[in-house]
Amino acid sequence: MYAQVIVDIVHENVAGSSTHPRTFSYRIPEGMQLSVGQRVEVPFARLIKEGVVIGFSETCDVPEEKLR
């Protein structure tokens, strides 16, 4: 299972727009319970950033080796 997360970043190349913010997919660790609207800390580049879970999916378009 994957969480779709909006990450708290301000950068024109990755932030998306105010009406269509860019989401990032993160693999949900086994046993972790998340809900839509929940704040999470996620790895982003070389940092840990705060984000918000906006949805879930069973599949992901990102190659497995690039997921965190």
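Tyrosine 26 is part of strand 2, where a strand is a DSSP run of E with at least two residues, numbered from the N terminus. This description rests on a predicted model, in which local features need pLDDT of at least 70 and side-chain atom pairs count only at pLDDT 80 or more, while totals for chains, interfaces and linings use all residues. Residues are numbered from 1 along each chain as its sequence is written, and side-chain values use heavy atoms, with hydrogens and water left out.

With a relative accessible area of 9%, tyrosine 26 is buried; the term buried means under 20% relative accessible area, exposed means over 50%, and partly exposed lies in between (1.4 Å probe, protein chains only). The side chain of tyrosine 26 reaches the backbone oxygen of proline 43 at 2.8 Å. Between the C-alpha atoms of tyrosine 26 and cysteine 60 the separation is 9.0 Å, although these residues are 34 apart along the chain.

## The neighbouring serine

Serine 25 also belongs to strand 2, and its relative accessible area of 19% makes it buried. The side chains of serine 25 and glutamine 4 are joined by a polar contact of 3.0 Å. A polar contact is a pair of N or O atoms within 3.5 Å; within protein, one must be able to donate a hydrogen and the other to accept it, and residues adjacent in sequence count only if both atoms are side-chain atoms.

Four strands form an open sheet in the order 2-1-4-3, with antiparallel pairing; two strands pair if DSSP finds at least two bridges between them. Strand 2 (24-27) and strand 3 (39-44) stand at the edges with a single partner strand each, so one side of each has no neighbour in the sheet. From one strand to the next, the twist averages 55 degrees.

## From strand 3 to strand 4

Strand 3 and strand 4 (residues 47-57) run antiparallel and are joined by six bridges. Phenylalanine 44 has leucine 47, in strand 4, as its bridge partner.

Alanine 45 sits in the loop between strand 3 and strand 4. Its relative accessibility of 58% makes alanine 45 exposed. The phi of alanine 45 is near 55 degrees, a positive value in a residue other than glycine.

## The nonpolar core

A nonpolar core is a set of buried Ala, Val, Leu, Ile, Met, Phe, Trp, Tyr and Cys residues joined through side-chain atoms within 4.5 Å. The largest one has 10 residues, among them Tyr26, Phe24, Val42 and Phe44. Strand 1 (2-7), strand 2 and strand 3 are the elements that give two or more residues to this core.

How values were computed: Axes are lines fitted to C-alpha atoms, for helices over the stretch in contact, and angles run from 0 to 180 degrees between N-to-C directions.
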